[in-house]
Amino acid sequence: MTDKSLDDRALHFSGVASRLRRLDASILLWLALIAVLAFLVLNPILRLIISSLQETDTGHFTFANYRVAYGNIRHLQALVNSLELGIGVALLATLFAVPIAWAISRTDMPGKAFVRLMVFAAFVTPPYLGAIGWILLAGPNSGWLNKVWMALTGAEHGIFNIYSMTGLILVVAVTSFPYTFVFTSSALDLVSSEMEDAANILGARTLRTTLRITLPLVTPAIIGGIIISFLEAIALFGAPALIALPARFNVVSTQLWQFFEYPVRVEEAAAYAMPLLAITVLMFWLQRSLLGRKGYTSVTGKGGERRMIALGPWRWVMLGYALFVCALSVFLPMVVLLQAAFAKAWGRGFSLDNLTFHNFYYLLVEQTQAKQTILNTFVYSAVTAFAAISLTLAIAYVVSRKLVPWSNVLAFLCVAPFVVPGIVLAIGFYAAYASPPLALYGTATILILGFTTRFLPIAYTSSAAGLRSINPEMEEAVRILGGGRLLAIRKVLIPLLKKSLAGAWILVFIPATRELSAAIFLVGPNTRVISVMLFDLSEEGNFEVLSALGVILLIATVAIAAIGSKMIGRDFMLRRD
Amino acid sequence: MFTIRRRNFILGSSALVALGTGPKVSAQAAASMTPHEKELYDAAKKEGELTWYTAHSDDITSQALGRSFESLYPGIKVNVLRTTAQVAYQRITQEIKASAIQCDVLSSTDLGHSVELKAKGAFEKYIPENSSKVLDIYKGYDPDGYYFVTSAGLIGIGYNTAKVKEADAPKNWTDLLDPRWNNNIALGHPGFSGYVGTWALTLRNQYGWDFFEKLAKNNPRVGRSINDTVTMLNAGESAVAGSGPAATLLESVRKGNPLAMVYPTDGSVLIIAPSSIMKGCKHPNAARLFMEFLMSPGASQIWVDHFTESIRPEVPASKIAKPAKDLKIIRPTVAEITKGVPEVIKQWRETFGA
């Protein structure tokens, strides 16, 4: 053994040692974050998968749950119905969203700010509230639209029937098209006019240019929107419960609910939920492989000039279309919901002697549960938003600064809940944490944990996007001057991120206030939230009180979002700059 | 002297009940509490509240009962959770599975649930003093003392008088099969409503499942709660409520809605609705006091004010609603309900599609 090799080994050894020392702290951090994510994400999903393979009482391994869950033609039919619903919604939402996004982002259509505001209003409206609005609008005999139709034509019967698959597709599409809109318009904002100019020079007219050049460039965003609205639609519980049941068909989510009836069959429910999980994973895989093949490099940054296309008289046509979509999604449902909220009996119509404040009085004074429920909703949603943002910010930081090895695992776990429909997640949470030792059933904790998990992907995406916009050099400056990492985070990062964090907070807060499917299996009598109370009230068809509660929810949500937007000085979701 | 501890207190009061030595209750005013009631009240005040899952009535009547209890027994808050019977059952079984009982008193409308939950050992045994003072037909459903009839209601046929003339209205159940009601019948869903479950079972006993196969051809609008049928009549969505809950419908008439009730010539369906205390609940004394309250004349008066049956002989029926004793009544036995309602739910889903 020579001296040199000894030296080498010593050097090597000290290198490993210092590396180990450094790893120690970061490994601990990594382990802590992994543990939190395992608790929130992995364990509930695993528990669900395991219990789908267990016998109810003995816990023995079995495939019987799958046999029972799929050995029934009606259960299979529900699966087919869900697919039909998802595809219908995805297509209709695209039809609604893409033209509007294009008109706002690329043309001189008038009234853009207003249309954008209405799209935001559609985003805030929970689907079940939209469903109630549409029941009042298009109930086959009593809906306002049908009444108007019958009055105008003298017909015996109305022409719209909300209690149908078409009706359900419409209701879900009008509340989920904002997703596709946001995706598409933010991509369109990045496409420069140069390529369109090239097409124009070569003789293509506006329409041809748009269809052959502009829209193909943003295909990834449109596909993203299609996938999101598809997944939203198949995972939805509230709107199908209100519309599909009277229409006399089931979808997967309403069928899942039935497994919790007398006698409760959690294991069969778990087995039945698996395809929903599989479909979602498949969709994401499909998206990746579809988009992986083509280059979309023109959507890279903000370079290039952007000019608005002059539409001439067609801009009024575009505005008309945008207003039509807004009417379907916001104006019409809102008018009838407001009418019902202030009506003694909504069927009696718009007259002064039908006007009353009693529905609000009933909710806020006579009904002892409502006040608590309203408070719960906003407290839980706020806490959820804080929890999700703090956790994902920590993770995004660790990931973007590559503080630990395999940090991508953390990122993956954060976005994984995206592929778990809310109702399935709730069943997993219930299976994992409702019983002792944790015994979280009926506590606020389980709801907040469930919500936090559900919205981790949104929070993570926003936090990571915020962090990406900040150059690490600024922190490095702090550290070169002797400051620790925590100091750098506290004094540099957080102040810089304040606005985008506030935006992210609102992005989690709003969907949390309206979340029904994750809440329905996790609430106890003292932890009810507005969405669940609306669902309970809707059993009796008590539309006046329901609408009043919905109005309270919307006003409070919009007020909080408005304050938030004011604070951060921009409409946080609908525009890029 | 020895100080009375809470535990002794509870033991004492239960012993009193078990022996059935409580003094006679005559008038249930707050001022004149019986010693037993006073004991329960004192113990319940320490608990401060109770949670009541109820499917007995609509939300308005349930809230009225809750408020009445609170004013009779100041210091005890009632959390009223009104849902359909199946939803209440679903939440209860979730709580049992998670060993975290949130509900104190469960008021169902499906006797089968009571039989099932009692067999599982989910109920606390408690024989209310008032249970011996209700009308004879509501006595002794569970001699072991785990569940008691605390409400009863009638199902007939309702119609919208603005759309249907009295002469044209259905007179009996089979009239619902007339094609003229196509697209114009409202029904509840047995998969949710306990009332509708028992109603469907009763009609299956009477006419066979064939009746529902034919009814489905009339394309009825199926909601969830039985009370939804009244909403559909008021809205003008349906002309006839095939499963018409007398109480909710008459309450709606009082509000000025153009509705009327038909008591079918082939028999109105009487629903017997039970209540129980959950084993392991958090507010056992408040729960006992509430059970006494549900079977008190005061509660019956509220039921009658909201057009539901009185279960106490002292409280006469309302002038508007016809009491069960004056009508032809059809109803299944408890054993039939326990076995039959789950069957009916299954058949319903096959026939009506959801």
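This is a predicted model: local features need pLDDT of at least 70, side-chain atom pairs count only at pLDDT 80 or more; totals for chains, interfaces and linings use all residues.
1. **Where the chains meet.** Chain A puts 38 residues into the contact, and chain B puts in 44. On the chain A side, look at α16 (368-400) and α22 (530-539), each of which supplies at least two of the residues touching chain B. If you sort that chain A side by class, you get 16 nonpolar, 15 polar and seven charged residues.

2. **How chain B is divided.** The domain assignment gives two pieces to keep in mind for chain B: domain 1 (6-150 + 273-321) and domain 2 (153-270 + 325-352). Notice that each is written as two stretches of sequence. Taken over C-alpha atoms, the centres of domain 1 and domain 2 of chain B are 28 Å apart.

3. **Between the two domains of chain B.** Here 22 residues of domain 1 of chain B are in contact with 20 residues of domain 2 of chain B. On the domain 1 side, α4 (85-97) and α5 (111-119) of chain B each bring at least two residues. The top contributor to that side is α5(B), with four residues. By class, the domain 1 side that touches domain 2 of chain B comes to ten nonpolar, eight polar and four charged residues.

4. **The largest nonpolar core.** This one has 288 residues, and those with the most contacts inside it are A:I427, A:V508 and B:F290. Which helix gives the largest share of this core? That would be α3 (residues 73-106) of chain A, with 15 residues. Chain B is represented by both of its domains: domain 1 (6-150 + 273-321) and domain 2 (153-270 + 325-352) each provide at least three residues of this core.

5. **A closer look at B:F290.** If you skip the neighbours within four places in sequence, the contacts of B:F290 are B:L50, B:W52, B:F69 and B:V105.

6. **Helix α7 of chain A, by length.** This helix (residues 165-188) has 24 residues, so at 1.5 Å a residue it should span 34 Å. Its end C-alpha atoms are 32 Å apart, which agrees.

7. Where does α7(A) kink? Go to A:T175, where there is a kink of about 45°, shortly before the proline A:P178. Why can α7(A) be called largely enclosed by the rest of the structure? Because 21 of its 24 residues are buried.

Methods
Residues are numbered from 1 along each chain as its sequence is written. Chains are lettered from A and ligands numbered from 1 in the order in which they are written. Two residues are in contact if their C-beta atoms, placed from the backbone, lie within 7 Å. Ala, Val, Leu, Ile, Met, Phe, Trp, Tyr, Cys and Pro count as nonpolar, Asp, Glu, Lys and Arg as charged, and the others, Gly among them, as polar. Domain bounds come from an automatic or database domain assignment. A nonpolar core is a set of buried Ala, Val, Leu, Ile, Met, Phe, Trp, Tyr and Cys residues joined through C-beta atoms within 7 Å. A residue is buried if 20 or more other C-beta atoms lie within 10 Å of its own, exposed if 12 or fewer, and partly exposed in between; C-beta atoms are placed from the backbone. The expected span of a helix is 1.5 Å times one less than its number of residues. The bend at a residue is the angle between axes fitted to the seven residues ending there and the seven starting there.
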